Structures are given as structure tokens and as C-alpha cells.
Amino acid sequence: LVSGAGIVLLQREVPEAVNMAIVKAANAQGVPVLQDAGGEDRPISDELLSMITYLSPNLTELARLTGLSTSTDDEVLEAARSLLKR
């Protein structure tokens with residue numbers, strides 16, 4: 001399914017179960033995975049977070065995903081670090 005791909009892009013509009021199947025296939029093939037954090041407002045599971053290579057949230061998405069403020073540079077760093085710990 002992803003063999004030969006340079007990278008796989010996941011979208012939040014796609015059901016979580018489908019994203020999980022794709023990320024598992026990509027991981028098995030050694031293909032990096034980029035998760036776009038925009039789109040549907042729902043949590044990203046810790047399991048999925050642990051399997052993606054890159055996460056691309058804007059400030060609003062980062063705040064939504066973490067429940068933390070992103071008003072200052074320090075708050076953005078704190079929110080990003082909280083995702084890395086998951």
C-alpha cells in the first residue's frame with residue numbers, strides 16, 4: 001500500500017482506524033509519516049502519536065490538542081513538549 005512512498009500524509013478528516021492502518025503499514029515499510037493536525041476536532045490517540053514521524057499543528061491546533069495556552073513562545077514550547085511526552 002505504501003511501499004516505495006517517500007512519505008505518507010495523514011489527515012484528521014480520515015477516520016482514526018484508517019489512519020492507524022496506514023501508519024502501521026508505513027512503519028512496517030520504513031516510510032515516514034506526517035500527521036496534519038488540522039481538520040476534525042478530535043483527540044489524537046497516544047498510540048497514533050507514538051507511530052508518526054512528524055506532527056504539523058498550527059497554534060490553534062496545538063492548543064486544542066494539548067489543552068494548553070499557546071499565547072507566548074514559552075507556552076508554545078511547553079505545549080509542544082507535552083505532546084512529545086505522550
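1. V76 is a residue of helix 4, where helices are DSSP runs (H or I) of at least four residues, strands are runs (E) of at least two, and both are numbered from the N terminus. Not counting residues up to four places away in sequence, V76 touches L59, L62, S69 and T70, a contact being heavy atoms within 4.5 Å. V76 is 70 residues from G6 in sequence, and their C-alpha atoms lie 29 Å apart in space.

2. On the basis of these remarks: this is a predicted model, in which local features need pLDDT of at least 70 and side-chain atom pairs count only at pLDDT 80 or more, while totals for chains, interfaces and linings use all residues. Residues are numbered from 1 along each chain as its sequence is written, and side-chain values use heavy atoms, with hydrogens and water left out.

3. Helix 3 (residues 59-66) and helix 4 have axes that come within 10 Å and cross at roughly 55°; the axes are lines fitted to C-alpha atoms, for helices over the stretch in contact, and the angles run from 0 to 180 degrees between N-to-C directions. The two helices are therefore oblique to each other, given that angles under 35 degrees count as roughly parallel, over 145 as roughly antiparallel, 65 to 115 as roughly perpendicular and the rest as oblique. Helix 3 passes helix 4 in a left-handed crossing, meaning that the near helix is turned anticlockwise from the far one by less than a right angle. On the side of helix 3 the contact is made by L59, L62, L65 and T66, and on the side of helix 4 by V76, A79, A80, S82 and L83.

4. The structure holds five salt bridges, each defined as a side-chain nitrogen of Lys or Arg within 4 Å of a carboxyl oxygen of Asp or Glu. One of them joins R12 to E16, with the closest N and O atoms 3.3 Å apart, and another joins R42 to E16 at 2.9 Å, N to O. Because R42 lies in the loop between strand 2 (33-36) and helix 2 (46-51) whereas E16 belongs to helix 1, this second pair ties together parts that are 26 residues apart in sequence. R12 counts as buried at 1% relative accessibility, as does R42 at 16%, where buried means under 20% relative accessible area, exposed over 50% and partly exposed in between (1.4 Å probe, protein chains only).

5. R86 and D46 also form a salt bridge, their closest N and O atoms being 2.6 Å apart. This pair links distant parts of the chain, with R86 in the segment after helix 4 (73-85) and D46 in helix 2, 40 residues apart. R86 is partly exposed at 37% relative accessibility, and D46 is partly exposed at 41%. Salt bridges that share partners, meanwhile, join R12, E16, E40 and R42 into one network.

6. Q11 sits in the loop between strand 1 (8-10) and helix 1 (16-29) and is partly exposed, with a relative accessible area of 25%. Leaving aside neighbours within four places in sequence, Q11 is in contact with N19, Q35 and D36, and its C-alpha atom is separated by 8.7 Å from that of E40, 29 residues away along the chain.

7. N19, found in helix 1, is buried, with a relative accessible area of 2%. Residues up to four places away in sequence being left out, N19 touches L10, Q11, V14, Q35 and L48.
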